[in-house]
Amino acid sequence: MGCCQSTQTQIPRSSSGPGRRSSNEVNKNLTQSEINKRVDSIEKSCTAKLGGVTIRYAYLSQRGYYPEDAHKPNQDSYVICDNFADRASDAFFAVFDGHGRDGDKCAQFVRDNLPGLLSKSVNIARGKDFLRDLSEERENETGENDEKRVEAELTKEQTQEAILKSHVEVNRRMHLCQDLDDSLSGTTSISMYLHGNINRITVSNVGDSRAIIGRCADGSADNSEKKEGGKRMCSSEVLKAFALSRDQTPYRRDERIRIKKTGARILSLDQIEGLEPVGDDCEEELAEGESADGEMILGEEIDEGGDPPRVWSPHGEYPGTAFTRSIGDAIAEDLGVFAEPEMLTRELSPEDKIIVLASDGVFEFLTNQSVIDICAKFNDPLEACRAVVAESYELWLQYELRTDDITMICVFIDDVDSSKAMKTSLIRDGSVPCLENNPSEDVKEEEDELVTVESRPVRKNISLEKSRALQKMKQKSIRDVTMFLEEDFDLESLYTEKTEEEKSRIAEAIKASVMFQNITDAQRELIYGVMEPMPVKKGAWIIKQGTVGDRFYIVDDGRFEVRILGEHQEDPDNSGGDVVHVYTGSRESHSHPSFGELALMYSAPRAASIIAQTDGQLWALHRYAFKKVLAEQGARKDAEKVLKKLDAFKSFDSQELKDLSSYLEESKYAAGDVIIKQGEPGLSLFVILPGGVCESERKLGDGEIVKSILKGHDFFGEELLNDDSDMTYISTVTATSKVTCWMLQKSDAKRFMSGKKKQDISTP
C-alpha cells in the first residue's frame with residue numbers, strides 16, 4: 001500500500017505558554033521560504049487506472065493566517081493511498097481537520113493510523129488468508145488458479161462495517177496515546193474508499209468536513225465538451241453539485257435531538273454569555289421515516305457573524321464543539337460527540353465528473369455548487385485545487401480577521417467502464433464469494449441517495465470582530481486620494497466595450513462571489529462595461545491598509561501580495577507588514593482571484609495592503625457603479641419603508657427612497673456597546689434590523705433621565721437631519737443584545753435632501 005500524505009509533523013510549543021508566542025515571534029516578518037511552507041501540495045496531478053475507473057487527482061493544503069500566532073501549525077492533514085488493502089484497483093482518500101490545542105497532533109495521528117486499520121479490517125472481512133489457502137488448494141487439485149475467489153469484493157454492508165470498526169478503533173487508540181491530549185482536542189474525518197473493480201465509492205464522514213460530487217445534468221455526459229488534452233468534462237452550466245456527506249453539526253435537527261438526549265445543551269457563544277436570549281428548548285422527535293434534510297431550525301442568522309450553535313455540558317461551559325461527531329474529544333464523548341461515521345455507498349457512472357473532499361474552511365463562504373463551478377473551469381485538478389483554496393482564503397481575509405486552515409483533494413473522473421462492475425463477484429456470507437456461472441446475474445445492491453441540500457448555512461456577512469475592527473480603523477483612517485464625491489462621478493465615462501474573451505474572464509472571477517449571484521443578465525452586462533482596466537507595474541501599491549477605498553479588484557494577470565500590520569505592529573521600513581497571501585492571476589490557467597469585495601458594501605478602511613509583485617493587469621469596479629446595479633435590483637425594501645417614516649424623507653417618492661437606501665451601510669454591535677453618546681457630534685443615523693434590541697437614555701435639562709427600548713425597524717439619530725450642521729446626539733443608545741444596524745451617513749442624507757429641495761423649487 002503506497003501512501004502520500006500531508007508533510008507537517010508535530011511542532012514544539014512555544015516556551016511562552018500553551019498555544020502562545022511572544023510578541024517578537026508574532027511580529028516577525030515571514031520569509032519567502034516560510035510563506036511557501038504555508039502551502040503543501042502535490043507537484044503535478046497524478047493519473048490512476050483503478051479497475052474500471054480512470055481518474056486524475058491532486059491535493060493542496062494551505063495553513064491559515066492567525067494574527068495572534070503567525071507560526072501556528074496547520075491543523076489539517078490528508079492522506080491518499082493507492083494499492084489499498086493489497087488491491088491495485090482500490091484507493092483511499094481522506095482529509096482531517098484538527099481542532100483544540102493538540103488538534104494538529106490529533107489530525108496527524110488519524111492520518112497515520114486510520115488507513116492501516118481500515119486495510120486490516122477489509123482484509124479480515126474478505127477472509128483473505130482463507131481465500132488464498134483455498135485458491136492454492138484448488139490450484140493444486142485442478143492446476144488452475146481461482147482468481148475470482150481472490151479478487152472477490154465485499155458487499156456494501158461489509159465494507160461499511162469495516163469502516164465503522166476502523167474509526168471506532170482509531171478513536172480508542174487516540175484516547176490511549178501518551179503523545180497528545182485529546183480531552184478537548186480532536187479531528188474531523190472525511191474519506192472516500194474507491195473500489196475500482198466494481199466502480200464503487202464509499203464515503204465516510206465524522207464531523208463537518210465535506211465530500212461533494214459534480215455530475216452531468218440531464219444525461220449530458222454524452223454531449224460533454226472535449227477539453228485540451230483529450231479529457232471530457234461537462235460544461236459548468238450542466239455540471240450539478242451533490243453532497244456525498246452531511247455536516248454533523250447542531251444545525252441538523254436529528255443530530256440535535258440525539259445530542260440533547262445525553263443531557264447536553266445546544267447554545268451559541270453569545271447565548272452562553274447571556275448576550276442573546278435562549279429559545280424554547282422543546283424539540284419534537286422526528287417521526288419514523290421522516291427526513292431531517294435541510295432543517296436548520298436554529299436559523300441561518302446565528303452563524304452570519306461566525307457564532308454557530310455548539311454542544312455544552314449541562315454542568316459547565318465546556319466543551320463548546322461546533323460539531324456533533326469527532327475523533328478524539330474524550331470529554332465531549334459523554335455528550336454524544338462520538339467517532340461513528342455516517343457513510344454513503346454509490347456506484348460511479350459516466351455522468352460523475354468531479355469529486356472534492358475538503359475541510360470546512362472551503363465551505364465557510366462557498367456553496368457546494370460554487371466549488372464545483374470553479375473546478376469545472378479547469379482541465380487539471382491541481383489548478384482546480386489552487387483556485388478553490390485561493391478563493392476560500394481570500395473570502396476568509398475579507399470577512400474575518402483570520403483565515404482557517406484550508407485543505408482539499410480534487411478527483412477528476414475521466415472514464416468509467418460500466419461493464420467492469422458486472423464482472424466481479426461479491427462476498428455474501430462474510431467470507432466466501434458467490435460463484436455464479438454468469439456474473440451479470442449478481443443482485444445489484446441498493447445505492448445510497450445523494451444529498452441535495454446544504455448541511456449548514458454559508459456565511460455572507462463579516463463577523464462581529466471584523467466589524468469592530470473596521471469601525472476602530474475608520475476612526476483613524478485616511479480617505480483614499482482616488483475617491484471622489486458622487487456628484488462628480490460620471491458612470492458613462494467609465495464605460496468601455498469589452499471583448500467576449502474579457503467578459504468571460506470577468507464572469508469567471510465573479511461567479512463564486514455572493515455579491516454577484518442574483519444579478520440579471522442586463523446587470524451583468526452593465527458590470528462588464530464599467531469595469532476599469534488597470535495596467536500595473538511591479539512594486540505598485542494597489543491598496544494601503546487603513547485607507548478608505550471604494551473599489552473592488554479582479555486580477556486578470558500577475559502576482560499581488562497581501563500584507564497586514566498587526567494592531568500594535570510598527571512598520572519602520574514601510575513594507576506594509578507581514579506577507580500573509582499572494583493573489584496569482586493567469587489568463588492561461590483561467591485563474592482570476594479578486595479582492596476588496598467589502599468596498600462594494602461598506603465605506604470601510606482597507607484591512608490589508610496589496611502590492612504588485614510583478615507587472616500585471618487588474619479590473620476595478622467602483623462602489624458607486626455597483627450601487628447603481630443594486631438600486632436596479634430593488635433591494636433593501638424594508639429599509640426604504642423605515643426611511644419613509646422620517647419627516648425629512650416623507651416627501652420622497654419610491655425611486656428616491658430606493659436611491660437613498662443604496663447608501664445604507666451595515667454595522668454590528670455586541671451587548672453593552674455604546675452606539676451613540678448624548679452630546680457628541682453626530683455623523684450617522686441608524687435603523688435597527690429585526691432581532692436587535694437597544695436601550696435609549698436621554699438626560700433632560702432638569703436632570704430627569706428618560707429611558708426607552710428600541711427594537712427592529714426602530715431608528716435613532718434622526719436629529720442630525722435638522723438644519724444645524726453642528727448637531728449633536730440628544731441621547732445615548734446602548735446595545736442590550738447583539739445588534740445589526742443600517743447606518744446612513746449624515747453627509748449622504750443631507751446631499752439627497754438638498755437635491756430634493758432644488759428639484760421641488762424648479763418644478764412648477
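**View 1. D329 sits in the loop between β18 (327-328) and α9 (330-333).** This is a predicted model. The phi of D329 is near 45°, a positive value in a residue other than glycine. Most residues other than glycine have a negative phi. With a relative accessible area of 2%, D329 is buried.

**View 2. A85 also has a positive phi, near 50°.** A85 is not a glycine either. Its place is the loop between β5 (76-82) and β6. Relative accessibility is 0%, so A85 counts as buried.

**View 3. Y318 and P319 are joined by a cis peptide bond.** Omega is about -5°. Most peptide bonds are trans. P319 is found in strand β17, which spans residues 319-321.

**View 4. Strands β15, β16 and β17 form an open antiparallel sheet.** The order is β15-β16-β17. β15 (265-267) and β17 (319-321) are the edge strands, and each pairs on one side only. From one strand to the next, the twist averages 30°. Strand β16 covers residues 310-312 and pairs with β15 over three bridges, in the antiparallel sense. R265 stands opposite W312 in β16. Strands of a sheet pair through backbone hydrogen bonds.

**View 5. D102 places a polar side-chain atom 2.9 Å from the backbone nitrogen of D181.** D102 lies in the loop between β6 (90-99) and α3 (103-126). D102 is buried, at a relative accessible area of 4%. The cut-off for buried is under 20%, so the value for D102 qualifies.

**View 6. The largest nonpolar core has 81 residues.** F93 and I355 have the most contacts inside this core. Helix α12 (residues 381-399) gives the most to the core, with eleven residues. Leaving aside neighbours within four places in sequence, I355 is in contact with M192, I201, I212, I213, L244, L348, I409, C410, V411 and I413. Another core, of 27 residues, lies apart from the largest one. Among the residues of this other core are F84, Y193, V206 and I327.

**View 7. F84 and F92 form a stacked aromatic pair.** A search of the whole structure finds ten aromatic pairs. For F84 and F92, the ring centres are 5.2 Å apart and the planes stand at 15°. The pair counts as stacked because its planes fall under the 30 degrees cut-off. F84 is buried, with a relative accessible area of 0%. F92 counts as buried too, at 1% relative accessibility. F84, F92 and Y193 form one aromatic cluster.

**View 8. F365 and W396 form an edge-to-face pair.** Their ring centres lie 5.3 Å apart. The planes stand at 85°, over the 60 degrees cut-off, so the pair is edge-to-face. F365 lies in the loop between α10 (360-363) and α11 (368-376), while W396 belongs to helix α12. The pair therefore ties together parts that are 31 residues apart in sequence. F365 counts as buried, at 4% relative accessibility. W396 is buried as well, with a relative accessible area of 2%.

Methods: Residues are numbered from 1 along each chain as its sequence is written. This is a predicted model: local features need pLDDT of at least 70, side-chain atom pairs count only at pLDDT 80 or more; totals for chains, interfaces and linings use all residues. Side-chain values use heavy atoms; hydrogens and water are left out. Helices (H or I, at least four residues) and strands (E, at least two) are DSSP runs, numbered from the N terminus. Buried means under 20% relative accessible area, exposed over 50%, partly exposed in between (1.4 Å probe, protein chains only). A polar contact is a pair of N or O atoms within 3.5 Å; within protein, one must be able to donate a hydrogen and the other to accept it, and residues adjacent in sequence count only if both atoms are side-chain atoms. Two strands pair if DSSP finds at least two bridges between them. Axes are lines fitted to C-alpha atoms, for helices over the stretch in contact, and angles run from 0 to 180 degrees between N-to-C directions. A nonpolar core is a set of buried Ala, Val, Leu, Ile, Met, Phe, Trp, Tyr and Cys residues joined through side-chain atoms within 4.5 Å. Contact means heavy atoms within 4.5 Å. Rings of Phe, Tyr and Trp (its six-membered ring) pair if their centres lie within 6.5 Å; planes under 30 degrees apart count as stacked, over 60 as edge-to-face and the rest as tilted.
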